[in-house]
Amino acid sequence: MTTQAARHIAFLGTGLMGAPMAKRLLSAGFDVSVWNRDARKAQVLSADGARICETAAGAAKNADIVFTMLSDGNAVADVLFAGGVAETLKDGAIVVDTSSIAPPMAIDHAARLAERGIAHLDAPVSGGVVGAEAGTLAIMAGGNADIVESLAEVFAPLGRVTHVGPSGAGQICKLANQQIVAITIGAVAEAMMLVEAGGASRAKFREAIRGGFAESRILELHGQRMVDRSFAPGGPSRLQLKDLNAVAAMADALSLDLPLTAEVRSAFEAFVADGHDETDHSGLLLHLEKINHRGEENR
């Protein structure tokens, strides 16, 4: 039996991000049980060798490590505590929450689990579905550094892990990451509009500046989405807004004025309110086109 197979992992939440992450762990030889609120999204992993469980607590039974990849902090709390996972876990188990939630909630979860002898890492990820499938996620881990180091072989199939500080630090770093993502999406979208209005090709503009100072993963991936006008969700705008709301709450708590973040948050609020909650966040271009009367219908 391999070292990987000797460590039983439960993966709770097998949606857009969770399913490819669980698949990576299975491909690496780990013994993995999975659960998802919509069972159909978990069932597809049976072909990869996952054990499909009807309840989160059932998946977590006898687990050494429990990964959660859920929509928000309330969903994580519901699964861990109301759903019986914390009561089911054995002493010494480790919960790795890769969801993006508010830092104070992550700190609270860590404290509540510690009372039961269970370790906790808040380890949100960046890289989207593409990164989850390729195993190239950036993983920001908050919690005990020794715990992070002990899970090196578990994190390896998923991407690159960095210990960023105590409990809650992972979530703070993810919020900062989401600030950069949202503001950069807005900048790329506005630039796309400017060059087209001035008579240039959006596609050729993107090609021309690749490799220059404006190069970024946002320009590479989301810039292409804007050129192709392909906005099926990899990162739904409602989740981008959720993260920006969490940034605003933390900024208030820390007495920070973040004007660029406030502007892009307002844009995403309007975009989501206009019925684009499930549109990919790169689709913010559509909102900017609308307020400038430059959508496809105006061409």
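These legends accompany close-up views of a predicted model.

**View 1. The largest pocket and its centre.** The largest pocket holds about 1,400 Å³ of space. Its lining counts 46 residues. Met17, Gly234, Gly235, Pro236 and Leu239 are the lining residues that lie nearest the centre.

**View 2. Elements around the largest pocket.** Helix 11 (169–197) is among the elements that each supply at least two lining residues. The others are strand 7 (125–126), helix 8 (128–134), helix 13 (217–228) and helix 14 (237–253). Helix 11 gives the largest share, six residues. By class, the lining has 20 polar, 16 nonpolar and ten charged residues.

**View 3. The second largest pocket.** About 190 Å³ of space lies here, in the second largest pocket. Its lining includes Ile183, Gly186, Ala187 and Glu190. Leu260, Glu263, Val264 and Ala267 also line the second largest pocket, as do Leu284 and Leu288. Helix 11, helix 15 (259–273) and helix 16 (284–291) each give two or more residues to this lining. Seven of the lining residues are nonpolar, two are charged and one is polar.

View 4. The structure holds zero disulfides. Cys53 has a relative accessible area of 19%. Cys53 therefore counts as buried, because the cut-off is under 20%. Cys173 has a relative accessibility of 28%. Cys173 is therefore partly exposed, because this class runs between the 20% and 50% cut-offs.

Note on methods: Residues are numbered from 1 along each chain as its sequence is written. This is a predicted model: local features need pLDDT of at least 70, side-chain atom pairs count only at pLDDT 80 or more; totals for chains, interfaces and linings use all residues. Side-chain values use heavy atoms; hydrogens and water are left out. A disulfide is a pair of cysteine sulfur atoms within 2.5 Å. Buried means under 20% relative accessible area, exposed over 50%, partly exposed in between (1.4 Å probe, protein chains only). On a 1 Å grid over the protein atoms alone, a cavity is a set of points where a 1.4 Å probe fits but cannot get out, and a pocket is an open set with protein on both sides within 12 Å along at least five of seven lines; lining residues have an atom within 4 Å of a point. Grid points are joined across faces, edges and corners, and a volume is the space filled by probe spheres set on the points. Helices (H or I, at least four residues) and strands (E, at least two) are DSSP runs, numbered from the N terminus. Ala, Val, Leu, Ile, Met, Phe, Trp, Tyr, Cys and Pro count as nonpolar, Asp, Glu, Lys and Arg as charged, and the others, Gly among them, as polar.
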